[in-house]
Amino acid sequence: MRETQRVDKILSNSGFGTRREIKQLVKSGQVKVDGEVIDDSGMHVDPKKSQIEISGQKLNYRQYIYIMMNKPAGVISATFDDRHETVIDILSEEYKCFDLFPVGRLDIDTEGLLLITNDGQLAHEILSPKKYVPKRYFAFIEGEVTQEDVKRFEEGVILEDGYKTLPAELYILDRDVNSSVDVVIYEGKFHQVKRMFEAVGKKVKFLKRVTMGNLVLDKDLAPGEFRELTQDELSNLINEVRSQKENNLN
Ligand code: URA
């Protein structure tokens, strides 16, 4: 990974405005690097090694941002879209300059845990099919989910395109004409949970992701709300994903 970055990128990532605004700050002599006033906003510096000052204020640089969102229905898991609001659109202004993106996708009508970051390496590791990061969903199902379905999920279900899923865990919480279930999958195929239930003749009416690896959706976040991960949540997630790698290599 490159250690040096343009000063205007560092400052815009830190919430000091657009690149154009930062250019103005630099031109007006308000930006110093290691005590020296700079005149080029495209200058490369290593923010971990160099001290940047803006109008006499020392920059506390943060390269990576990690946000937990309770994704609401009706919003899409993308960075940009012509027709729909995206999960990036609903973040607050302070995060708009960080080049954030969602780690994986939830369908437009799916709610729940979504990690949003600018850490491409961690995102890549979490999404890698070789890592088998477990994802737990709560689902409301039209129809009565049975022990036979539990068994079929356990064995892997054949989807309509012929793909056989990895074994998944299905827990029946409540069942009648409709059922409430928890389902844990270890991969992330397109519409996977919905297609797994279709494969056993049932329809998902509501879907909400509650965990991804050891990261658990904060119950205090209403749909549409978000917060940064705590240090513990982040290091536990990184440790889990990285130790998974060792497991698979053994
Ligand atoms: N499975 C689905 O069918 N949809 C999602 O959004 C996530 C998992």
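**The ligand and its surroundings**

Colleague: Which residues surround the ligand, and what makes a residue near a molecule?

Modeller: Leu 106, Asp 107, Thr 110, Tyr 137, His 191, Gln 192, Val 193, Lys 194 and Leu 207 surround the ligand. A residue is near a molecule if one of its heavy atoms lies within 4 Å of it. This is a predicted model, in which local features need pLDDT of at least 70 and side-chain atom pairs 80 or more, while totals for chains, interfaces and linings use all residues. Residues are numbered from 1 along each chain as its sequence is written, and side-chain values use heavy atoms, without hydrogens and water.

Colleague: What makes up the shell around the ligand, by residue class?

Modeller: The shell has 4 nonpolar, 3 polar and 2 charged residues. Asp, Glu, Lys and Arg count as charged, so Asp 107 and Lys 194 belong to that class.

Colleague: Why is the pair of Tyr 95 and Phe 226 given the class it has?

Modeller: Their ring centres are 6.3 Å apart, with 80° between the planes. Rings pair if their centres lie within 6.5 Å, and planes over 60 degrees apart count as edge-to-face (under 30 is stacked, the rest tilted), so this pair is edge-to-face. The two residues are 131 residues apart in the chain.

Methods. Rings of Phe, Tyr and Trp (its six-membered ring) pair if their centres lie within 6.5 Å; planes under 30 degrees apart count as stacked, over 60 as edge-to-face and the rest as tilted. Helices (H or I, at least four residues) and strands (E, at least two) are DSSP runs, numbered from the N terminus.
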